[in-house]
Amino acid sequence: MFFSHATRSRITDYILRRKKYSDDEANSFAFGIKRLMSMGTYSDAYPLHEGSWKPWTRPSMRRLLYEHWAHWRNWYKVQPLDYIRVYYGEKIGMYFAWLGYYTYMLIPASILGLIVFIYGLVTIGNNTLA
């Protein structure tokens, strides 16, 4: 492949958003997908994906991400950051790497908070109001 999945999606989005339909510069709906949506040709516009996530289809990066990351049964697994980076691009890959690190670093704080909360519940009868 000459371009990655993320680059191809960005190129397609660029073309769809900037295709000029008229010479009227004052009309903001004379460009791309906004014009098609204002005319009623399309009702909504969503990002493009390559391949299907369904198990009976041929293998694709989207299906691989679904099986190893985006399914509910994978909540305890480590994120496949390389697959995320290849499919969505470097910025999104870095975001999910940061988000995973941030979430893991909140675990000790949440455990300490739970201990303090339980201690407060246990000693609530011994505490006199000031």
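A search of the whole structure, a predicted model, identifies 6 aromatic pairs (rings of Phe, Tyr and Trp, the last by its six-membered ring, with centres within 6.5 Å; planes under 30 degrees apart are stacked, over 60 edge-to-face, and the rest tilted). Local features require pLDDT of at least 70 and side-chain atom pairs pLDDT 80 or more, whereas totals for chains, interfaces and linings use all residues. Residues are numbered from 1 along each chain as its sequence is written, and side-chain values use heavy atoms, with hydrogens and water left out.

The rings of Trp69 and Phe96 are edge-to-face, because their planes stand at 90°, with centres 5.0 Å apart. Trp69 belongs to helix 3 and Phe96 to helix 5 (residues 90–122), so this pair ties together parts 27 residues apart in sequence; helices are DSSP runs of H or I with at least four residues, numbered from the N terminus. Trp69 is partly exposed at 22% relative accessibility (buried is under 20% relative accessible area, exposed over 50%, partly exposed in between; 1.4 Å probe, protein chains only).

The rings of Trp98 and Tyr102 are stacked, with centres 5.2 Å apart and planes at 15°. Ring pairs join Trp69, Tyr95, Phe96, Trp98 and Tyr102 into a cluster.

Terms used:
Helix = DSSP H or I, 4+ residues; strand = E, 2+ residues; numbered from the N terminus.
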